[in-house]
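These are my notebook entries on one protein chain. I set down what I looked up, in the order in which I looked.

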Amino acid sequence: MSIERRPKFLYIPGSSKTGKIYSQLPNDGSGDVSGLTRSSTVLSVGSDGFLQSNAVNNPAHSYLFGSCPELQLQNYALTNLTSDSNEFDAATWQDFGVSLADVSAQSPDGTVNAWLVTNNDTGVTSHGLRNSENPTTIPGRWYYHSVFAKIPSGSSCTGLYMTNAAESNRNAYFNLINGTVGTTGANTKFANIYDYGNGWYRCMFAFEATLTIAQLNIRLVIGNEIIAWNGDGSESLYLFGAETVQNTGGFLAPYGEYIPTSGSVASVNADTNPFFSIPSGGATQGSFVFYGRITDALTSTLITFGSADFNNRGRINVLSDEKPTYYSVNTGYMTQPTAVDNFEEFKLGVSVDNAGNVSLFLNGVLTDDAVNALHQFDQIGVAGGFTKHIKSLAWYSEKLSDAEMITLTTL
């Protein structure tokens, strides 16, 4: 069915400038966001497919998942503890059973600075690189290791194995032929692989530290769980940009764009959370649709529906089981049977009438109804908690029918 109603507020990532994000509706400036700040530069994937730098306070738009821009918001300050992220010939890196060549290969940042890592010893059964810095970690905090990798033409490697060698069972295998995660260690929190185009993949896994050091190891593999073999010189990988990343705030850090370093650690500061003003006059009914992606998350708030009075606020939360749901003081958490995977796109809808009856929708399915959900629609706040990509936000000034909401939330 078609939706004839026109949203009162619509945001689709597009034009922006320092500290400001523009709404499509209203188009008189009243729905724009000023004051978005980030006190450091940050990388994102540009429209040409390469990593690009976004200046201080500039909203970051990412094309990692396609040809349309997505607003990239990182709500944690992150630090790359690997001080030579792409200088694998530095003293902070040790090679075992491999040779290094700084070859003419284009990396994900568009420059010719990738490294060719090749097995050079048939008598060595393990082949790779070890970061010898052993950066300090804090027990109880989450960290992630990551590196970009690509299989050269003619190589018999199938992927790589990455591990925190300082602690047991914190590791993951990555298949670079089909872009999938293989076996992961029992103490690996999660592992993900992202396609950066031109054969490049970003491989990353997260772990919780129990010791005070971490040691990043990257090994060539010729199959899942095959890290030990007598090589013949045909096994090689291109590598670029390694990381051991700490969330400066101490919470879960499931994803952040690559943080380059050279000779010392480097940090990227968090984005502030934008609040979009809605010209609703404190309306007590409305319908809202979020379209975007989130990273693996602990329980955290994604969207708040504003009012100065906390008792009149509603919010969209993502619970620790990765199920997005609706919460208000009166309703508590509504039932959501479906989880969303790391960076899987989804559409979540909430509709509320003047009597406080609320309905929750996910990807074209009505998942729950509740009553007495008090809140007002006078602003929309994009809350912190995890890195997210926003494809669109839409608000209607009345409670749409279930059929209309199902249409609006269908992918």
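**Entry 1: A covered strand**

I began with strand β29 (residues 346-352), which is mostly covered, as seven of its seven residues are buried. Buried means under 20% relative accessible area, exposed over 50%, and partly exposed in between (1.4 Å probe, protein chains only). Strands (E, at least two residues) and helices (H or I, at least four) are DSSP runs, numbered from the N terminus. The model is predicted, so I note that local features need pLDDT of at least 70 and side-chain atom pairs count only at pLDDT 80 or more, while totals for chains, interfaces and linings use all residues. Residues are numbered from 1 along each chain as its sequence is written, and side-chain values use heavy atoms, with hydrogens and water left out.

**Entry 2**

Which strands pair with β29? Strand β24 (residues 286-294) pairs with β29 in the antiparallel sense over seven bridges; two strands pair if DSSP finds at least two bridges between them. Within this pairing, Gly292 has Phe346 as its bridge partner. Strand β30 (residues 358-362) also runs antiparallel to β29, joined by five bridges, and Leu362 in β30 stands opposite Leu348. I found that β29 and β30 form a hairpin with five residues between them, and that Gly356 in the turn has a positive phi of about 85 degrees.

**Entry 3: Charges over rings**

Lys347 lies over the face of Tyr291, at 4.7 Å from the ring centre. A charge sits over a ring if NZ of Lys or CZ of Arg is within 6 Å of the ring centre and within 35 degrees of the ring normal. The charged end of Arg293 sits over the ring of Phe65, 4.1 Å from its centre.

**Entry 4: Aromatic pairs**

I searched the whole structure and found 14 aromatic pairs. Why is the pair of Tyr161 and Tyr173 called tilted? The ring centres are 4.6 Å apart and the planes stand at 45 degrees, so this pair is tilted. Rings of Phe, Tyr and Trp (its six-membered ring) pair if their centres lie within 6.5 Å; planes under 30 degrees apart count as stacked, over 60 as edge-to-face and the rest as tilted. Tyr161 belongs to strand β15 (residues 159-164) and Tyr173 to strand β16 (residues 171-175), 12 residues apart.
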